[in-house]
Amino acid sequence: FTLPPGRRTCLFKGPSQGRPVRQALSCGMRFRCEAIVQLALIMWVNARDTCKSSNPGDSTAALCESWCAEQDKNYDCSFCMCQACSFCALGGKDSRSAVVQWDVRPGACKLQAKASVVQQWAGGFRLEVLVGQWIPGAVFTMDWHGDPIILQQSYSADVIEKAAGRAVLRLRNGWDEHHGFGFTANGAFKHPEIRCEATRSPPPPPIPPEPPALPPGRPLPPPPPCPPSPPPYPPLTAAELSPPGTDRCAGSSVVVDKSWKDGYSITVSLPRWKEHTPIHVMLDSPATLTSSFHASVFAMSPSVITMLTANRPGTSIANNLGVQLNMKGQWRGAKVTCNSHCLGAKIMAKPSDGETYFQVTPAVWLPHGTLTMRFGPLQHRQVARLARLSHASLISRTASAISVRLDARPDQKGALTIVLVGSIGGTPYTTCDAVNQPPSPPPTPPSPPPPPPPSKPSQPPPPPPPPPPPPKLRRKSTAMRRIDPISGRASRVKSSPWMIWFSSSARQPTASIATTTAPAETPASVVSCS
């Protein structure tokens, strides 16, 4: 500021849209030139510190709110609420090269305090006070003696009083990561006079007694009736609770019909054909689908293709029955399944206003089933930042994947909605593998083999077989002598098998026989001989 000699005017210069500002004041006015200069300086500082932002609801002054994060500075620094932070100062570059440090006089503060200006930028600075003896409730006074410096935001200390050129703060129960507290302020930096009072905060006043109960008066009117409750959520049907599963396509196969230099043709065969059945072909090597027959494409990624079957299968040139697919790539093998709620879902991605909107439509909606969406890695982020989620609940997330649990029902289009902050790279696709899950427990060791069966008790050897019966003796024919009592002649008689064996003694009469008349027939005496 200069006062040219020989002129009774006061001139000063200052930035105003890039042009010098001149103002002449008559010395005959009753206000002094110096007061006008100070007023203009304050107006210039305020105009310089005004922050302009197109974000709705943003601040008009540069601040450093608690939600501002350095890993998101490319996005957060577009808000005036974060432009006073260290990672947003000077266009996102840290200005620690201009750090100023000094010790607080022990006579002004007995808590072993040290102050330092950790950052400076156009229109403000950040000051940090390290406290050797931290006493919660101790009061620190920052005095700039009337300089146009206004405190904006404090850390680890509460602002008791704030005015232009002066601020009073009270320590909280805990300090920051440097064992101190700090604040940001608007205006050009100048060494403040720092004083502290190490007295602890007085105890809170006792709780006043409750007022006496009011005397009984007229009874209050009954409250109005509550509005009727909304109708209950309709229960799930049996078909919604148990949609078709992967067991419907057990026995499916993939057969190569023909292959050429940069492509091949395959047929997907199903044991039971049904129209509109979602089938998922999982390729061992990434390939591109060029055409399909007897099925329509539902979703497609380099490694998984989801198709919806037509009303009937087709026959390939190799007489294979099913869905025919022409692919561009190298055949390395493939597997097939069907009716999966998490594999090969249809994904529509749309970026808008710093966010990416995903509409995920599974081929089959399984109530409370898990689904993982994978995408390209985010820039300057370690974990995907979720903005909104509908018709599903969050399980876990990483920098390139997010796992959700489906609700009981999808939206009207059979889909769920995922909105992530920032721009997402790569082609998103869905899998059935959850992220950030604890590892599976080790397999159970095999059970020991069963003990051998107990041996049978020893038994005595079996008795020897009985001797064979003696051969049946042949009955010999016996001869018998018959003595004729009259003639006295003996004759041989062969015995028969039915004769009774006996032994007897016989006696032949002597003389009496000759004199006595013999009967007509006398039984003969028979003697058996062996």
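This is a predicted model: local features need pLDDT of at least 70, side-chain atom pairs count only at pLDDT 80 or more; totals for chains, interfaces and linings use all residues.
Good morning. The count of salt bridges in this structure comes to eight.

How accessible is D76, buried or exposed? D76 is buried, since its relative accessible area is 0%. R385, by contrast, is partly exposed, at 30%.

A further salt bridge brings E355 together with R388, and here the closest N and O atoms are 3.5 Å apart. This pair also links distant parts of the chain, E355 being in strand 22 (residues 355-361) and R388 in strand 24, 33 residues apart. E355 has 22% relative accessibility and therefore counts as partly exposed.

Another arginine deserves mention for a contact with the backbone. R409 is found in the loop between strand 26 (401-406) and strand 27 (416-421). Its side chain reaches the backbone oxygen of P235 at 3.1 Å. R409 is buried, because its relative accessible area of 18% falls under 20%.

I turn now to the rings. The structure contains seven aromatic pairs. In one of them, W102 and F189, the ring centres are 6.3 Å apart and the planes meet at 45°, so the pair is classed as tilted. W102 lies in strand 3 (residues 100-103) and F189 in the loop between strand 10 (180-186) and strand 11 (193-197), so this pair ties together parts 87 residues apart in sequence. W102 is buried, with a relative accessible area of 18%.

Y264 and W331 form an edge-to-face pair, with 5.3 Å centre to centre and 70° between the planes. Y264 lies in strand 13 (residues 263-269) and W331 in the loop between strand 19 (321-328) and strand 20 (334-338), so the pair connects parts 67 residues apart in sequence. Of these two, Y264 is buried, at 1% relative accessible area, whereas W331 is partly exposed, at 28%.

Which residues do ring pairs link into a cluster? They are W102, F125, W144, F183 and F189.

Finally, a charge meets a ring: R126 lies over the face of Y155, 4.8 Å from the ring centre. Thank you.

Conventions: Residues are numbered from 1 along each chain as its sequence is written. Side-chain values use heavy atoms; hydrogens and water are left out. Helices (H or I, at least four residues) and strands (E, at least two) are DSSP runs, numbered from the N terminus. Buried means under 20% relative accessible area, exposed over 50%, partly exposed in between (1.4 Å probe, protein chains only). A polar contact is a pair of N or O atoms within 3.5 Å; within protein, one must be able to donate a hydrogen and the other to accept it, and residues adjacent in sequence count only if both atoms are side-chain atoms. A salt bridge is a side-chain nitrogen of Lys or Arg within 4 Å of a carboxyl oxygen of Asp or Glu. Rings of Phe, Tyr and Trp (its six-membered ring) pair if their centres lie within 6.5 Å; planes under 30 degrees apart count as stacked, over 60 as edge-to-face and the rest as tilted. A charge sits over a ring if NZ of Lys or CZ of Arg is within 6 Å of the ring centre and within 35 degrees of the ring normal.
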